[in-house]
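This briefing concerns the structure shown below and is arranged by topic. Please keep the structure in view while reading.

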Amino acid sequence: MQDKIVAGVNSHDLLAIGWPKELTGSLKGIPAAYLTGFILGKKAKEKKISEAILDLGLYRNVKKSRLYAVLKGAIESGLKIPHDPAALPEMKKIINEKVAKAFEKVKGAIK
C-alpha cells in the first residue's frame, strides 16, 4: 500500500501570510516549525481530516525539537495525533521576544 499525501505545506508558505522578510533566516527555527504545523493542521481540517499519525522517517527522534514543534502546531490546530506530551516544546521556547509580534500576526492570519 502506498502513502497518499492529502495536505502539504512548508515553512516558505509563512512568507505569503505575513512572516517578515527580515526573519526569513528563521524559517528553520522552532517558531516557524510550530506555525508550519499549525497551517498543515488547518489544511487537513479543511479536507475533513481529523486524525493523523506522526512518521519521522529517518529523522532523529529528539524531544522538544523542530519536528515536535511541527507536531505541536498540528495538534493545536485541532488534529488528533497520538503523542507523548513530554516530547513537545513549551510555548516559551516557541515564542521568544524576537518573533513574538510576527508570530501573533501570522497565527491570526491562518484560517
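In this predicted model, helix 2 (30-46) and helix 4 (91-94) are among the elements that cover the buried residues of helix 3. Those buried residues of helix 3, which spans residues 66-76, are Tyr68, Ala69, Leu71, Lys72, Gly73 and Ala74. After helix 3 comes Gly78, which has a positive phi near 120°.

**Nonpolar cores**

- The largest nonpolar core contains 17 residues, and Leu14, Trp19, Tyr34, Leu35, Val106 and Ile110 have the most contacts inside it.
- At least two residues of this core come from each of helix 2 and helix 5 (100-109).
- Helix 2 provides the largest share of the core, namely seven residues.
- Another core, of nine residues, lies apart from this one, and its members include Ala44, Leu71, Ala74 and Leu88.
- When neighbours within four places in sequence are left aside, Leu14 is in contact with Trp19, Leu27, Ala32, Leu35, Thr36, Ile39 and Val106.

**Ser11 and Thr36**

- Ser11 belongs to the segment before helix 1 (13-16), whereas Thr36 is part of helix 2.
- Is Ser11 buried or exposed? Ser11 counts as buried because its relative accessibility is 16%, and the cut-off for buried is under 20%.
- Thr36 likewise counts as buried, because its relative accessibility is 10%.
- Which residues does Ser11 contact, leaving aside its neighbours within four places in sequence? Ser11 is in contact with Leu27 and Thr36.
- Thr36, not counting residues up to four places away in sequence, touches Val9, Asn10, Ser11 and Leu14.
- The side chain of Thr36 also reaches the backbone oxygen of Ala32, at 2.7 Å.
- Ser11 and Ile94 are 83 residues apart along the chain, and their C-alpha atoms are separated by 15 Å.

**The largest pocket**

- The volume of the largest pocket is about 1200 Å³.
- Its lining is made up of 33 residues, and those nearest the centre of the pocket are Ala7, Leu40, Leu54, Asp55 and Val70.
- Helix 2 and helix 3 are the elements that give two or more residues to the lining.
- The largest share of the lining, six residues, is supplied by helix 2.
- How many residues of the lining are nonpolar, polar and charged? The lining holds 21 nonpolar, six polar and six charged residues.

- As a general rule, most residues other than glycine have a negative phi.
- Lys48 is not a glycine, yet its phi is positive, at about 65°.
- Lys64, also a residue other than glycine, has a positive phi near 65°.
- Where is Lys48 found? Lys48 is in the loop between helix 2 and helix 3, and Lys64 is found in the loop between helix 2 and helix 3 as well.
- Lys48 counts as exposed because its relative accessibility is 75%, and the cut-off for exposed is over 50%.
- Lys64 is classed as partly exposed because its relative accessible area is 32%, a value that lies between the cut-offs of 20% and 50%.

Notes: Residues are numbered from 1 along each chain as its sequence is written. This is a predicted model: local features need pLDDT of at least 70, side-chain atom pairs count only at pLDDT 80 or more; totals for chains, interfaces and linings use all residues. Side-chain values use heavy atoms; hydrogens and water are left out. Buried means under 20% relative accessible area, exposed over 50%, partly exposed in between (1.4 Å probe, protein chains only). Helices (H or I, at least four residues) and strands (E, at least two) are DSSP runs, numbered from the N terminus. Contact means heavy atoms within 4.5 Å. A nonpolar core is a set of buried Ala, Val, Leu, Ile, Met, Phe, Trp, Tyr and Cys residues joined through side-chain atoms within 4.5 Å. On a 1 Å grid over the protein atoms alone, a cavity is a set of points where a 1.4 Å probe fits but cannot get out, and a pocket is an open set with protein on both sides within 12 Å along at least five of seven lines; lining residues have an atom within 4 Å of a point. Grid points are joined across faces, edges and corners, and a volume is the space filled by probe spheres set on the points. Ala, Val, Leu, Ile, Met, Phe, Trp, Tyr, Cys and Pro count as nonpolar, Asp, Glu, Lys and Arg as charged, and the others, Gly among them, as polar. A polar contact is a pair of N or O atoms within 3.5 Å; within protein, one must be able to donate a hydrogen and the other to accept it, and residues adjacent in sequence count only if both atoms are side-chain atoms.
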